[in-house]
Structure formats: C-alpha cells, structure tokens
Amino acid sequence: MYGSYTGRSRTRRRVAGLRTTGTAAALGAALLLAGCSGDGGGGDKKSAPTVEQQPKDKDPYWVNPDGNAARQVAAYTEDGDDEKAALIRKIAQQPVGEWVTPDNPETQVRGITEAAAAADRDALLVLYNVPHRDCGQFSKGGAADGNAYRTWLDGVAKGIGDRGATVVLEPDALLHLVDGCTPQEFHEERYDLLKGAIERLKQQPATKVYLDAGNAGWQSPDALYQPLQRAGIAEADGFSLNVSNFQTTAVSTEFGKKLSEKIGNKPFVIDTSRNGNGPYTGGDPAESWCNPPGRALGEAPTTQTGDELVDAYLWIKRPGESDGDCKGGPKAGAWWPEYALGLAGATK
C-alpha cells in the first residue's frame, strides 16, 4: 500500500494472501493445531516445538505453539542451528495477534478461542476484512460488500462464543476515511460497518473490542476524535495504536492520552511488536513503513503497563511477516525468516 501516496506513516498489514489451513483444539493431554497462523515457510509443522504460555498475571494472551515463528525454531533446531533458533525463539515465546482470514470465520475463530481456553488464556484476534480494504494496494481486498462483511463478522462472533477474546478491529479502516484514501462514496457504509461490528462483538460476554486509531505519525487527535465517535468508540473497550508500525511506546502513549481525553478517557492498547528502534528515517519516506531495515522487537506483550490508560502492550503485527513485496520482501503476510532474524538480533 501507499506506493502512490506520500507523507503518511503507514501501518502495514499481513493478511493479503494469507492462507489458513484450519484450526482445532483438543482438550486433554495434547493441544493439536493445524496452521491457524499463516501460510507456512516457517519450518516443519510436524516438529513444531512446545511453547510455554507466559505467566497469566503478566500476559493473559495465548501463545500459539504452531505459529510461523515456532515452526521456524523447530526447523533451525532440526538443522542444528542453535544460534538462529535462539533468536527466533524471542518471537515464538510471545503471544501475537491471530488475523482472521475471509474463509470460514466461525470455524477459524472457534479453533483459536478453544485452543486459548484450553491453555487458560484469552485469544488475541485481529479483524481486517472491511470492504475496499487498503485502498487497492499491498493488502487490498476485504469483503465483497457490506452484507458480506456483516455475515463474516457474525461468524467471528459465533466462533468466539463465551470464551475470552480481545479483538483489534479493522486496522487502518477509520484512518483511511480521515486521510481521504477511501473514496467518499464508501464512507457512510464504513462508519456503519465499524459501529455495527462493535455492537455485534460486544454481545459476546467475554469479548473486549479495541477500534483501531492509527499511529502517532499519521493524523492528529484533533482529526480523529469525531470519526472515532461516529464509528461507535463509546461502545468499545478502547482503541488500538501503532498496529504494524514503528512509533516508540513513549510517543504512542503520549499520543494516545491526548486522543483519549477527547473521547471520554477511553483506554488503549499499543502494538510494540517492532518498535524497539523507533521509525525508519532512511530511504523513500513514502515507503518507510514497508519492511524497514534495522528495526527491533519492542516491549514484550503485557497487561502490566504501569499506566491506567494503557490496557496492554501487544504484538498485534506478527514479527517476521512481510509488509509487502518491497525491499526484497515476499508478499504481504508471508513469513520472512531473514527479517525475523534481523528484528530479534537487533533487540537489546
């Protein structure tokens, strides 16, 4: 995305072309999962290592034992490359967002949330399927129309059921209404879809919803608060910041507090997955968001942020997955082990 746009600090995404082969949870001695985290390239599924959950009081979110990073650890271990395995384990041992794909949402989400519940954890879900998504660029796509989106969303909600889940709702969707990327003719429908999505998801008794509000390098609180209100932020649990972006946690927190003040002191979550070294300032500014070199993992996911307005630091973007076919990367959403190694290696 934004190959033709300039001056915007983008939040690149992952689900374009992402393939889900299905998920299933077995309650008992074993947890069997089959590919709910992507299209592979991350190692041998058969030899996926056991990944322990983080302490629940620190981070209540589920660590997927069969994610791309976990499979990459298994592949490096099998090859005897313990150094690379140790680096990728920095990613594999943390909970990351599960991006729900267009097909069979109820089945997908039921598998994820059942697996999380079996581990006594909550699922972290990312919904990214709004019509006219990403303005036709790297992660273009989305539901065919509003009715298709509502049907898909209803499947997601049914898949969650009464299990614990936190949902990050439609990264970029609101911001593209503000910056003019999404054509005016689709604005009214999108506001309606976002508001309806919050209302539908909040019917699930143990579901939290954070409506995405972009990042600190893209638009201002003054430009955002009224669109957030129109999109139903009052009924949401809060908003999300920095999804797939690189703004520092300090900058994101300051930005979030200014925005929160304008919308009833709503709390927020921050994506810290790749912000350890802050934004990239080299190369073409129009593509500073896309697979920038020299970035690092940020703060580990936790709900213990020390700030009453910051509900959690989350890894919403899955570290090691490409932003798009730029700077030598594969398609958006594909696992890229070399980039993952760079992130982990640069992390202090």
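Seven strands make up an open sheet here, arranged in the order E1-E2-E3-E4-E5-E6-E7 with parallel pairing; two strands pair if DSSP finds at least two bridges between them. Strand E1 (98-100) and strand E7 (310-314) stand at the edges with a single partner strand each, so one side of each is left without a neighbour in the sheet. On average, neighbouring strands of this sheet are turned by 30° against each other, direction ignored.

Before going further, a word on conventions. This is a predicted model, in which local features need pLDDT of at least 70 and side-chain atom pairs count only at pLDDT 80 or more, while totals for chains, interfaces and linings use all residues. Residues are numbered from 1 along each chain as its sequence is written, and side-chain values use heavy atoms, with hydrogens and water left out. Helices (H or I, at least four residues) and strands (E, at least two) are DSSP runs, numbered from the N terminus.

With that settled, let us look at the whole chain. It has 9 helices and 7 strands. Of its 348 residues, 58% are buried, where buried means under 20% relative accessible area, exposed over 50%, and partly exposed in between, with a 1.4 Å probe and protein chains only. Contact means heavy atoms within 4.5 Å. Among the contacts in the chain with a separation of 6 or more, 75% are between residues 24 or more positions apart.

What lies in the loop between E5 and H8? Ser-244 is found there. This residue has a phi near 65°, a positive value in a residue other than glycine, and it counts as buried because its relative accessible area is 0%. Asn-104, in the loop between E1 and H3, also has a positive phi, of about 50°, although it is not a glycine. Asn-104 counts as exposed, because its relative accessibility is 57%. Gln-108 and Val-156 are 48 residues apart in sequence, and their C-alpha atoms are 8.1 Å apart in space.

Now for the packing of nonpolar side chains. A nonpolar core is a set of buried Ala, Val, Leu, Ile, Met, Phe, Trp, Tyr and Cys residues joined through side-chain atoms within 4.5 Å. The largest has 49 residues, of which Leu-125, Leu-127, Tyr-149, Leu-169, Leu-201 and Leu-228 touch the most other members. A second, separate core of 21 residues includes Ala-69, Val-96, Leu-297 and Leu-343.

Ala-69 is one of the buried residues of H1, which takes us to a group of helices. Helix H1 (residues 68-78) is mostly covered, since 9 of its 11 residues are buried. Those buried residues pack against helix H2 (82-92) and helix H9 (337-345). Just after H1, Gly-80 takes a positive phi of about 80°.

The axes of H2 and H9 come within 9 Å and cross at roughly 80°. That makes H2 roughly perpendicular to H9, on a scale where angles under 35 degrees count as roughly parallel, over 145 as roughly antiparallel, 65 to 115 as roughly perpendicular and the rest as oblique. Lys-84, Leu-87, Ile-88, Lys-90 and Ile-91 in H2 meet Pro-337, Ala-340, Leu-341, Ala-344 and Gly-345 in H9. The residues of this contact divide into 7 nonpolar, 1 polar and 2 charged; Ala, Val, Leu, Ile, Met, Phe, Trp, Tyr, Cys and Pro count as nonpolar, Asp, Glu, Lys and Arg as charged, and the others, Gly among them, as polar.

Technical notes. Axes fitted to C-alpha atoms, helices over the stretch in contact; angles between N-to-C directions.
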